[in-house]
Structures are given as C-alpha cells and as structure tokens.
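User: I am new to this structure. Please take me through a few of its features and show how each label is reached.
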Amino acid sequence: MKNIAFAFATFALVSACGDLPDETSSEPAGPPMEVSSVDLAKAYEENEVAAKGVYDGNTLIVSGKIQSIELDMFDEPVVSLPGANEYSNVQASFSDEYAKKTAELKKGQDITVSCTSITEAMGTPMLSNCSF
C-alpha cells in the first residue's frame, strides 16, 4: 500500500513539474533586440504581460542617456536610464567586474548596454547581466 501511495505521489509531483519552464537554459530565445530605454519602459507601462512576452528571454540592446550611476545593496553598479516619464526609469545592473568601467561613466552621457535578463518591479524594467 505504501508503494502505491509513493508511486502516486511521485507521479503527481512529476506531472505538476512537467509544465514548469526550463530555467537552466541561458540561451537567448532569438537574436538580440534593440530598443530605447524609453520605448522599453512605455511597453511595460502600457501592458506588462505583453511586454514580458516580447522582451523576456532575449538579449536586449538598450540605449539611453544616463540619469544616475549608483551601487545596489550588494555594492554592484546600477545605471539608471530614462523611463516612460520623468518619474520612472529603467535600471541596468552590472556585475562587480564592471565597477571600474561604470566609475568612468558620467550622468547625461549616452550609453548602449547589452543585457541578457529582464524583470520588473512595480512597473520599472530591471535589466541584469548587463555589459557595455
């Protein structure tokens, strides 16, 4: 009886997990997509679900004018680019290996970054795994 219950529980668990996305793949879904930070933010402001469907899983080449250069809570560089309006922005996060390069950046400078991951927090696109 225990074997039947164990087999059923295992089957149920495997069946439930079968529809989960494969998060082990780091390969982009398609070719890099070029977009301005403003257009990216507008897409998320207009419809987060649709924007996620378009941009998630792709390498993004995002351009904009630097609004700020800061450190996150792990002391890794974050560059803020213009968003959909004056109160919003797009944040591009870099690993610590980019600390020297980001230290040379200036507010107001034009920049193009390549990022392999995007999420959203309270309507703000958050780019990560970025380089320039």
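User: Where is S68 found?

Analyst: S68 is found in strand 3, residues 68–71. Helices (H or I, at least four residues) and strands (E, at least two) are DSSP runs, numbered from the N terminus. Residues are numbered from 1 along each chain as its sequence is written, and side-chain values use heavy atoms, with hydrogens and water left out. This is a predicted model: local features need pLDDT of at least 70, side-chain atom pairs count only at pLDDT 80 or more, and totals for chains, interfaces and linings use all residues.

User: Why is S68 called buried?

Analyst: Buried means under 20% relative accessible area, exposed over 50%, and partly exposed in between (1.4 Å probe, protein chains only). S68 has a relative accessible area of 16%, so S68 is buried.

User: Which residues is S68 in contact with, leaving aside neighbours within four places in sequence?

Analyst: They are V78, V79 and S80. Contact means heavy atoms within 4.5 Å.

User: What makes C115 and C130 a disulfide?

Analyst: A disulfide is a pair of cysteine sulfur atoms within 2.5 Å. The sulfur atoms of C115 and C130 are 2.1 Å apart, and the two form a disulfide. C115 lies in strand 6 (residues 110–121) and C130 in strand 7 (residues 124–131), so the pair ties together parts 15 residues apart in sequence.

User: Why is the disulfide of C115 and C130 called right-handed?

Analyst: The torsion about the S-S bond is about 110 degrees, so the disulfide of C115 and C130 is right-handed.

User: Are C115 and C130 buried or exposed?

Analyst: C115 is buried, at a relative accessible area of 0%. C130 is buried too, at 4%.
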